[in-house]
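Please keep the sequence and the structure in view while reading.

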Amino acid sequence: MKIMEIEGGKDLSGTIRISGAKNATVALIPAAILSDEEATICNIPEITDTEALCDILSYLNVDVKRASESIIINPSNMKNIEIKEEFSKKLRASYYFMGALLGKYKKAVMYFPGGCSIGARPIDLHLKGFEALGAIVKNEKNKYIVEADELHGANIYLDIASVGATINIMLAAVKAKGITVIDNAAKEPEIVNVATFLNNMGAKITGAGTSTIKIEGVDYLHKCFHEVIPDRIEAGTYIIIGALCGNPLKIDNVIPEHIDALLSKLEEMGVDLEVGADYVITSKNKNYISTNIKTAVYPGFPTDLQQPFTVLQTQCNGKSKTTETIFENRFMHVPYLKELGADVEIKNQTATILGPSTLKGSQVVATDLRAGASMVAAGLKAEGTTTITNAEHILRGYEQIIEKLTNVGAKINIKEI
Ligand code: UD1
């Protein structure tokens, strides 16, 4: 287990550069196996989720070369074998191998994916999409066998605009015969990034980033070069940290349009913001106005920033509310926020936060990735020492977090115990 230790209450100044997006990377790596040639992807973040996917590629006998922030994936000698449970359960995004293997070989055998325990997180919409394309899905306990004689285009309506289902169906449909239309598709920027990657290989996908995506199946996907977009959730997390501790803090390599919902909420709160073409500068302030948020699919307020945002709400004057609408179990950080001195009550899916609170260092737990990020934000604000156990969750999504924060003046370290 990893333990992070933060000596909080320090002002942070300087620049933090944002890495490639985790949620795009974790789809792009499995998507690369669809190519009939080599794919080069740059701006890949060095996070443990990337390592876990590269382990799956190697296990499938895919040639993987890493050079600084780039990855070259060559599936020429690939073997389509059952992906063992120990691989599948390491991360949520292992499920993208289901769509990619089905799309390429018309057969995928793997286990239910792992990932953060923030709700039930079923994959029924992914499987219904595969079935609509002509696949037969067999499920034995945790194991899924998805197989088709032939994949054909279909009209698929998603009951929920799911990020995972949208991408997975795109992966399965890219080489199917005929045209597939996904309606009520999710619109997240990471989906556009994956569609662009597939189109760079020769796929014919239009409409990514809107609620209707059209995929015209092709036979061959060729060599390509692609770049991962900046991580909007990492950017949002550090902007929130800037609003808590910045003096001032510049967050660089950001696409501000991707975090519009966050930026407008910060403005409403009275956060000092300078938004440039590809950067945001923030500073801490003592007079924040209480603000309510409700998570929603993109372009709404991202559920992945909800937990870090509640830390900022503890510093607002008066009562703020946060309502979680995407996942049933995304307030696991709240008991630990209270441990640090916050005044928070949860009723149903809404947390009511009464501020401002003086946060004091304590022992807390990173119950999942973004809960862990919220503990880092709170620990940086709190006076004294905060110890975060299970800190390995944080490393799944934040590249070089210790180095990035140390460079701007934080006292933070991580050790294995
Ligand atoms: C992705 C992101 C995650 C983010 C989430 C919402 C990745 C690897 N993870 O997760 O960081 O928090 O989007 O922005 O990109 N659902 C079903 N059946 C399905 C699929 C989803 O009921 O087959 C439900 C989920 O339980 C959830 C909602 O739909 O309540 C949205 O989930 P989804 O958008 O699929 O999230 P993930 O792809 O798991």
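Axes are lines fitted to C-alpha atoms, for helices over the stretch in contact, and angles run from 0 to 180 degrees between N-to-C directions. The model is predicted: local features need pLDDT of at least 70, side-chain atom pairs count only at pLDDT 80 or more, and totals for chains, interfaces and linings use all residues. Residues are numbered from 1 along each chain as its sequence is written, and side-chain values use heavy atoms, with hydrogens and water left out.

**Helix packing**

- Helices (H or I, at least four residues) and strands (E, at least two) are DSSP runs, numbered from the N terminus.
- The axes of H6 and helix H7 (residues 189-200) are 10 Å apart and meet at an angle of about 10°.
- H6 and H7 are therefore roughly parallel to each other (angles under 35 degrees count as roughly parallel, over 145 as roughly antiparallel, 65 to 115 as roughly perpendicular and the rest as oblique).
- Contact (heavy atoms within 4.5 Å) is made by Val 163, Thr 166, Ile 167, Met 170 and Leu 171 of H6 with Ile 191, Val 194, Ala 195 and Leu 198 of H7.
- Eight residues of this contact of H6 with H7 are nonpolar, one is polar and none is charged; Ala, Val, Leu, Ile, Met, Phe, Trp, Tyr, Cys and Pro count as nonpolar, Asp, Glu, Lys and Arg as charged, and the others, Gly among them, as polar.

**A mostly covered helix**

- In helix H4 (residues 96-105), nine of the ten residues are buried (under 20% relative accessible area, with exposed over 50% and partly exposed in between, for a 1.4 Å probe and protein chains only).
- The buried residues of H4 include Tyr 96, Phe 97 and Lys 104.
- The elements against which the buried residues of H4 pack are H1, helix H2 (48-59), strand E6 (107-111), H5, strand E8 (143-147) and H6.

**Pockets**

- A pocket is an open set of points on a 1 Å grid over the protein atoms alone, where a 1.4 Å probe fits, with protein on both sides within 12 Å along at least five of seven lines; lining residues have an atom within 4 Å of a point.
- The largest pocket holds about 930 Å³ of space, a volume being the space filled by probe spheres set on the points, which are joined across faces, edges and corners.
- The largest pocket is lined by 42 residues, and Arg 121, Val 163, Gly 164, Ile 326 and Phe 327 are the closest to its centre.
- The lining of the largest pocket has 22 nonpolar, seven polar and 13 charged residues.
- The second largest pocket has a volume of about 400 Å³.
- Among the 18 residues lining the second largest pocket, Leu 244, Lys 284, Lys 286, Gln 315 and Lys 381 are the closest to its centre.
- H8 gives the largest share of the lining of the second largest pocket, three residues.

**Backbone features**

- Most residues other than glycine have a negative phi, and most peptide bonds are trans.
- Asn 43 is not a glycine, yet has a positive phi of about 65°; Asn 43 counts as buried at 13% relative accessibility.
- Asn 390, also not a glycine, has a positive phi of about 60°, and counts as partly exposed at 24% relative accessibility.
- The peptide bond from Tyr 298 to Pro 299 is cis, with omega near 10°.
- The peptide bond from Gly 355 to Pro 356 is cis, with omega near 0°.
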